[in-house]
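Reader: Could you walk me through this model one feature at a time? I would like the general idea and then the case at hand.

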Amino acid sequence: MLPPSESNDPIKPWFRAVESMDEFIGIRFGHLAPGAGKIEWMFLSHTEFDGIGGLAHLLRERGADVVDLPKIPHPASLSWLYFLRALPGMLAPRRRLSWKSLKRGPKLDKVNQPPPAVAVHIFNEEDTAKIRWAARNADVSVNSLLLRHLDRAVRPYLQDPSSATPWMVPVNLRGRVTQPTDVENHSSYIAIRIMASDGAKAVHRRIYNQLHKGRHCANWKSYSLGRLCSDAMKRFLIRKDRAISQWNIGGLSNLGIWDWDKSITDPRCLGDWFFSPPVLRSQHLGAGCVTFQGRLTLTLQAHPDLTTSPEVTEAWVRHWVREIELDFPVTTPGEFGSSRSAV
């Protein structure tokens, strides 16, 4: 029988299985204090936290009064009916896309360590507001706009840039799922495919089509069936890309807007915060966004099987930012070196 703390968490056993396969499952968080020239990196295990919970935990540790965490606004319930409807797609064949040859960088001397290929960008308050305005003007979410531009940035590095690219988008289930603490895993996901010709509206429609179909609920239910699988079976399914509804080139997770009214004043919290979900052999790219006190940050990391060179992720983030900036006039350059290595 599972311990009580795990009885409501179908995600934790899967991440433990992934970790046993020499994968690093630490969620990457970073803090750049005002006036500092270097990011302080922190890693929290995905067996104990999700992105929202991890950031709340770190802010609370530093004295911030973070009380109510965001809840899912979508009305879909955690019904097994959504799982049954999604099952044919879950059983469909898997197809991985191939990457062009990328600069490799230094070889890692051990496994289960943070990926070295990571880069960041910081938008100031004015340009962050312009991004939000551009999304509203296009009648899409900020998340949809950012994902469309991220897809454009990395697509040229695929063997076939015209391919439909598969992406994962995490979904916060707070308000639908109850865990022992509010910082534990409440995160499911949806999976979409983006066409080369898609604009932000098309990406937005694809995301919300999956939400309306309850795919995030179906995926949560599918992981709960892991209780019927041994650890060896979980590892087998992970190796065969069957632990996810489709193979993905990467995932984009947006933690949303934090402390918009700047009520947090503890100096240990002030500055810029960064975040990226883990990268895996089954999902090579991890992109994360968070807006803290009006400033949006982007973080992108790559799995060591793809590249260990920060120069590669730097180039991708520069391209990502250029794509975003096409939607609004930029008045000031990006800060902290403008899309630079963060290691």
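Author: Strands of a sheet pair through backbone hydrogen bonds, either parallel or antiparallel. Here an open sheet of three strands is ordered E2-E1-E7, and its pairing is antiparallel. Strands (E, at least two residues) and helices (H or I, at least four) are DSSP runs numbered from the N terminus, and two strands pair if DSSP finds at least two bridges between them. This is a predicted model, in which local features need pLDDT of at least 70 and side-chain atom pairs count only at pLDDT 80 or more, while totals for chains, interfaces and linings use all residues. Residues are numbered from 1 along each chain as its sequence is written, and side-chain values use heavy atoms, with hydrogens and water left out.

Reader: Which strands stand at the edges of that sheet?

Author: Strand E2 (40-45) and strand E7 (272-276) do; each has a single partner strand, so one side of each is left without a neighbour in the sheet. On average, neighbouring strands here are turned by 20° against each other, direction ignored. Axes are lines fitted to C-alpha atoms, for helices over the stretch in contact, and angles run from 0 to 180 degrees between N-to-C directions.

Reader: How many bridges join E1 to E2, and what lies across the sheet?

Author: Strand E1 (residues 26-32) is joined to E2 by six bridges, and the two run antiparallel. Arg-28 has Phe-43 of E2 opposite. Helix H2 (residues 51-61) lies across E1, E2 and E7, at about 45° to E1. Contact means heavy atoms within 4.5 Å.

Reader: What about parallel pairing? Which strands run parallel to E6?

Author: E4 is joined to E6 by two bridges, and these strands run parallel. E6 is also joined to strand E8 (residues 285-292), in parallel, by seven bridges.

Reader: Now the aromatic rings. How many pairs does the search find?

Author: Rings of Phe, Tyr and Trp (its six-membered ring) pair if their centres lie within 6.5 Å; planes under 30 degrees apart count as stacked, over 60 as edge-to-face and the rest as tilted. The whole structure gives eight aromatic pairs. In one of them, Trp-14 and Tyr-223 have ring centres 5.6 Å apart and planes at 65°, so the pair is edge-to-face. This pair links distant parts of the chain, with Trp-14 in helix H1 (residues 12-19) and Tyr-223 in helix H7 (residues 215-224), 209 residues apart.

Reader: Are Trp-14 and Tyr-223 buried or exposed?

Author: Buried means under 20% relative accessible area, exposed over 50%, and partly exposed in between (1.4 Å probe, protein chains only). Trp-14 has 8% relative accessibility and so counts as buried; Tyr-223, at 13%, is buried too. Another edge-to-face pair is Tyr-157 with Trp-316, 5.5 Å centre to centre and 80° between the planes. Tyr-157 lies in the loop between helix H5 (142-154) and strand E4 (165-172), and Trp-316 in helix H9 (residues 310-325), so the pair ties together parts 159 residues apart in sequence. Tyr-157 is partly exposed at 26%, whereas Trp-316 is buried at 0%. Trp-14 and Tyr-223 also form one aromatic cluster with Tyr-189.

Reader: Which charges sit over rings?

Author: A charge sits over a ring if NZ of Lys or CZ of Arg is within 6 Å of the ring centre and within 35 degrees of the ring normal. Lys-234 has its charged end over the ring of Trp-14, 5.7 Å from the centre. Arg-28 lies over the face of Trp-41, at 4.7 Å from the ring centre.

Reader: Where should I look for positive phi values?

Author: Most residues other than glycine have a negative phi, and most peptide bonds are trans. Asp-241 has a positive phi, near 60°, and is found in the loop between helix H8 (231-239) and strand E6 (250-258). With 6% relative accessibility, Asp-241 counts as buried. Lys-262, in the loop between E6 and E7, has a positive phi of about 55° and is partly exposed at 41%.

Reader: Finally, what is the mean pLDDT of the chain?

Author: pLDDT is the predictor's confidence in each residue, from 0 to 100. The chain's mean is 92, and 94% of its residues reach 70 or more. Over residues 334-343 the pLDDT is below 50.
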